[in-house]
Every structure is written in C-alpha cells, then in structure tokens.
Amino acid sequence: QVQLVESGGGLVQAGGSLRLSCAASGRTFNAMGWFRQAPGKEREFVAAISWSGGRMYFADSVKGRFTISRDNAKNTGYLQMNSLKPEDTALYYCAADSRLRLTTSAYNYWGQGTQVTVSS
C-alpha cells in the first residue's frame, strides 16, 4: 500500500520558519511535489523536486524563501519554509509520482495534508 505521510506543520509568527516532511512508503518515486490550499481557494503548486535531486522548481510566490530537498535513503522529502508570511497560511500537501510535473492532475499519490498557519 502506497502512503505519503506529511508532518511538521504548525502555528508560527510571520518571519518564522517551519520544515515539512513527507515520508513515502510502499514504492519509490521519481518526483515529489508540494502543493497548498487556502480556504476558498484552489490547490496551488508550491515546489517540486526530481528524486535524483537534479531538478527543482518553485512557485514565484515562494522563491528565495522555500527550499526543497529529499533523502533517498529515507524515501522522504522536505520543504523548508523560511520568512513565512500570513499569506502562506494553508493546508500543505505532498504528492509523488513517476514524473516531475507542476500540476495537481499529474500526481496520483497524495498525503493527507498538514496545516501551516502564519500569524501576523
């Protein structure tokens, strides 16, 4: 059974940092993406990484503040979020699949989501 389990969300003040983790089990993947969904809004792309680590992509809204990485041995991906802003508040999801893509429809495997709340 394939599972993606996120952790690391929480409440943080503006300017603070959080690191999200996404532990995958049941199979290996070639790519992992992070998406977020704020109340009343569509789920949007945040960042993605190829499992080889050679390619990374970021949404313009998080460039320079967020980094993405993975630990192949642990089959786990990470999203390091720095200089957080209130507009970063959302439910954050990790997704994984065989190809590196930037759209929600491209991923077949999803985690349950972890809440990130940034207070002003």
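This is a predicted model: local features need pLDDT of at least 70, side-chain atom pairs count only at pLDDT 80 or more; totals for chains, interfaces and linings use all residues.
Me: What makes you say that the charged end of Arg43 sits over the ring of Trp110?
Reply: The distance from the charged end of Arg43 to the ring centre of Trp110 is 4.9 Å. Residues are numbered from 1 along each chain as its sequence is written, and side-chain values use heavy atoms, leaving out hydrogens and water.

Me: Why is the pair of Phe35 and Trp110 called tilted?
Reply: Their ring centres are 5.1 Å apart and their planes make an angle of 50°. Rings of Phe, Tyr and Trp (its six-membered ring) pair if their centres lie within 6.5 Å; planes under 30 degrees apart count as stacked, over 60 as edge-to-face and the rest as tilted, so this pair is tilted. Phe35 belongs to strand β4 and Trp110 to strand β10 (residues 109–110), so the pair ties together parts that are 75 residues apart in sequence. Strands here are DSSP runs of E with at least two residues (helices would be H or I runs of at least four), numbered from the N terminus. The whole structure has six aromatic pairs, and Phe35, Phe45, Tyr93, Tyr107 and Trp110 form one aromatic cluster.

Me: Which burial classes do Phe35 and Trp110 fall into, and why?
Reply: Phe35 has a relative accessible area of 0%, while Trp110 has 25%. Buried means under 20%, exposed over 50%, and partly exposed in between (1.4 Å probe, protein chains only). Phe35 is therefore buried, and Trp110 counts as partly exposed.

Me: Why is β4 described as largely enclosed?
Reply: Six of the seven residues of β4 are buried, so the rest of the structure largely encloses this strand. Two strands pair if DSSP finds at least two bridges between them, so both cases qualify. Gly33 stands opposite Ala48 in β5 and opposite Ala95 in β9. β4 and β5 also form a hairpin with six residues between them, and Gly40 in its turn has a positive phi of about 80°.

Me: Which strands pair with β11, and what makes each a pairing?
Reply: β2 (residues 10–13) runs parallel to β11 and is joined to it by four bridges, with Val12 partnered by Val118.

Me: What makes a group of residues the largest nonpolar core here?
Reply: A nonpolar core is a set of buried Ala, Val, Leu, Ile, Met, Phe, Trp, Tyr and Cys residues joined through side-chain atoms within 4.5 Å. The largest such core holds 34 residues, of which Trp34, Val46, Phe66, Leu79, Met81 and Tyr92 touch the most other members. Among the strands that each supply at least two residues of this core are β3 (18–25), β7 (66–71) and β8 (76–81). Contact means heavy atoms within 4.5 Å, and beyond four places in sequence the contacts of Phe66 include Val46, Leu79, Met81 and Tyr92.

Me: Is Thr76 buried or exposed, and why?
Reply: Thr76, in strand β8, has a relative accessibility of 9% and therefore counts as buried. A polar atom of its side chain lies 2.9 Å from the backbone oxygen of Lys74.

Me: What class do Gln1 and Met56 belong to, and why?
Reply: Gln1 has 81% relative accessible area and is therefore exposed; beyond four places in sequence, Gln1 contacts Ser25 and Gly26. Met56, in strand β6 (residues 56–58), has 41% and is therefore partly exposed. Met56 touches Ala48, Ile49 and Ile68, not counting residues up to four places away in sequence.

Note on methods: A charge sits over a ring if NZ of Lys or CZ of Arg is within 6 Å of the ring centre and within 35 degrees of the ring normal. A polar contact is a pair of N or O atoms within 3.5 Å; within protein, one must be able to donate a hydrogen and the other to accept it, and residues adjacent in sequence count only if both atoms are side-chain atoms.
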